[in-house]
Amino acid sequence: MTNKHLQQTLKAELERMFKDYRMKGEDGEPTPFHFFEDAAPIPKTDEDPTFIPYMVARVSAGKVPDDNYLFTTARALIIIGTYENNEDYPSNTDILQIIDKVIERFQKQPNMGEYTRTGDIEWTLSDEDAYPYHFGGVELSFILPTIFREDEYA
């Protein structure tokens, strides 16, 4: 299994988890999430869509130990973007609910196909004021299937 496959698997899991979720779109209407690998498309003009709300699955780093019997690990990020222009509505409420759902899913069931979540789960909210856009993220570590060294004399 590759790091790219982990990224694809995480994106598919997010699609499964949030397929029925609707968040406010820029037009004010309930809008399903858009899901991407690596990054959300960047609008080139004011008329280009922003794909809000969205989630991005990105593998950000990993470690392959020199000792062939230890586990290979990879860190994956889930980046969340939402839109809320109601100043009376707490801006990060939606982001925090999504983060809680992701954390709950991977605490209850750390397995995701051939990958297993390990270690701490970290999350963050953007501290930049991008009103009416709101952003947050979750960082997860996964154990990847290990490739064992071949010994032609064994």
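Which strand is Ser141 found in? Ser141 belongs to strand E8; helices (H or I, at least four residues) and strands (E, at least two) are DSSP runs, numbered from the N terminus.

## About the model

This is a predicted model, where local features need pLDDT of at least 70, side-chain atom pairs count only at pLDDT 80 or more, and totals for chains, interfaces and linings use all residues. Residues are numbered from 1 along each chain as its sequence is written, and side-chain values use heavy atoms, with hydrogens and water left out.

Ser141 is buried at 18% relative accessible area (buried is under 20%, exposed over 50%, partly exposed in between, with a 1.4 Å probe and protein chains only). Beyond its neighbours within four places in sequence, Ser141 makes contact (heavy atoms within 4.5 Å) with Ala74, Arg75, Thr116, Arg117 and Thr118.

Over in strand E4 there's Ala61, partly exposed at 25% relative accessibility. Leaving out residues up to four places away in sequence, Ala61 touches Ala74 and Arg75. Ala61 and Arg75 sit 14 residues apart in sequence, with their C-alpha atoms 5.2 Å apart.

## The nonpolar cores

A nonpolar core here is a set of buried Ala, Val, Leu, Ile, Met, Phe, Trp, Tyr and Cys residues joined through side-chain atoms within 4.5 Å. The largest has 28 residues, and Leu14, Phe18 and Phe142 have the most contacts inside it. At least two residues each come from H1 (3-17), E4 (54-63), E5 (72-83), H2 (93-108), E7 (115-125) and E8 (133-144). H2 gives the most to this core, six residues.

Apart from that core lies another one, of six residues, including Phe36, Ala40, Ile52 and Tyr83.
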